[in-house]
Amino acid sequence: MPPLDLTADEVLTTTRAVRRRLDLDRPVEHALIEECLRLATQAPTGRNRQRWDFVLVTDPAKRAALADLYRLGLTRPRQQVVRDGVDRSDPGRGRRIVESAQYLFDHLHEVPVLLVPCIRVQGRHENASHVGQANTWGSVLPAVWQFMLAARSRGLGTAWTTPHLHYEREAAELLSIPYETVLQAALIPVAHTIGTDFRPGPRTDVDEIAHWDSW
């Protein structure tokens with residue numbers, strides 16, 4: 001499938017978190033995923049160590065089990081997640097996001113490909129400090145975002161989710177991921193989109209978030 005006729009700026013501004021517009025019935029070709037992965041691995045990574053791995057889950061039974069862990073993470077989380085902070089969304093958009101999230105909750109097991117991006121570490125102690133976390137996640141997140149941009153340019157939709165990480169050890173056992181030396185970063189549904197006409201999302205004006213030389 002040839003890439004969509006989008007400029008770089010259009011890809012950057014219209015790569016949305018896709019949930020309700022994932023095509024649950026259309027298979028995703030392995031070759032298409034591999035194209036996106038090749039582009040993902042061109043992302044910068046700390047000291048060029050390329051510690052990333054990408055687990056692609058297409059087996060229906062494993063997708064169903066992984067989706068169940070995602071649901072458990074939302075309904076019975078093992079860790080408290082701080083939710084207060086800056087909220088720049090309008091109430092109407094917030095309602096739509098809730099409805100979209102509920103759709104993914106109900107249908108995640110039907111998504112053709114579930115991607116679990118991972119990063120190799122010497123041990124989980126590497127993330128004990130803020131600096132350690134920044135080094136670790138800074139070496140995998142650019143590659144994952146690059147995958148998501150490449151997916152958008154090819155008519156695929158994605159969404160970054162993390163609830164299954166409450167049950168990361170169980171997910172590791174399900175997917176034979178070495179738990180002590182491989183960290184899972186997210187669970188990303190991947191599917192063709194229903195339509196490709198995505199638009200830029202409402203965002204805060206740059207003047208409100210840019211701090212020149214001091215806060």
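Over the face of which residue does R124 lie? R124 lies over the face of Y179, at 3.7 Å from the ring centre. A charge is taken to sit over a ring if NZ of Lys or CZ of Arg is within 6 Å of the ring centre and within 35 degrees of the ring normal. R21 gives another case: its charged end sits over the ring of F198, 4.0 Å from the centre of that ring.

The model is predicted, so local features need pLDDT of at least 70 and side-chain atom pairs count only at pLDDT 80 or more, while totals for chains, interfaces and linings use all residues. Residues are numbered from 1 along each chain as its sequence is written, and side-chain values use heavy atoms, with hydrogens and water left out.

R124 also forms a salt bridge with E168, where the closest N and O atoms are 2.7 Å apart. A salt bridge here is a side-chain nitrogen of Lys or Arg within 4 Å of a carboxyl oxygen of Asp or Glu. Because R124 lies in the loop between β2 and α5 (130-137) and E168 in helix α7, the pair ties together parts that are 44 residues apart in sequence. Helices (H or I, at least four residues) and strands (E, at least two) are DSSP runs, numbered from the N terminus. R124 is partly exposed, with a relative accessible area of 25%, and E168 counts as buried at 10% relative accessibility. Buried means under 20% relative accessible area, exposed over 50%, and partly exposed in between (1.4 Å probe, protein chains only).

By the same rule, the count of salt bridges comes to nine. One of them joins the side chains of R20 and E99, at 3.7 Å from N to O. R20 lies in the loop between α1 (8-14) and α2, and E99 in helix α4 (residues 91-107), so this pair ties together parts 79 residues apart in sequence. R20 is partly exposed at 41% relative accessibility, as is E99, with a relative accessible area of 36%.

The side chains of E170 and R78 meet in a salt bridge too, at 2.8 Å from N to O. E170 lies in helix α7 (residues 168-175) and R78 in the loop between α3 (60-75) and α4, so the parts tied together here are 92 residues apart in sequence. E170 counts as partly exposed at 27% relative accessibility, and R78 is partly exposed with a relative accessible area of 49%.

Next comes the interior. A nonpolar core is a set of buried Ala, Val, Leu, Ile, Met, Phe, Trp, Tyr and Cys residues joined through side-chain atoms within 4.5 Å. The largest such core has 26 residues, and those with the most contacts inside it are F54, F147, L156, I188 and V190. At least two residues of this core come from each of α2 (30-40), β1 (52-57), β2 (113-120), α6 (141-153) and β5 (188-192). Helix α6 supplies the largest share, six residues. Apart from this core lies another, of 23 residues, among them L24, V57, Y70 and A172.

Leaving aside neighbours within four places in sequence, L156 is in contact (heavy atoms within 4.5 Å) with V28, L32, C36, A151, V190, A191, H192 and T193.

A disulfide is a covalent bond between the sulfur atoms of two cysteines. With the cut-off for a pair of cysteine sulfur atoms set at within 2.5 Å, a search of the whole structure finds zero disulfides. For C36, the nearest cysteine sulfur is that of C118, 18 Å away. C36 is buried, with a relative accessible area of 0%, and C118 is buried at 1%.

Two threonines complete the tour. T45 has its place in the loop between α2 and β1 and counts as buried at 14% relative accessibility. Not counting residues up to four places away in sequence, T45 touches Q50, W52 and S139. T136 is found in helix α5 and is buried, with a relative accessible area of 1%. With the same exclusion of residues up to four places away, T136 touches R51, I119, V121, E126, N127 and L183. The C-alpha atoms of T136 and G157, 21 residues apart along the chain, are separated by 26 Å.
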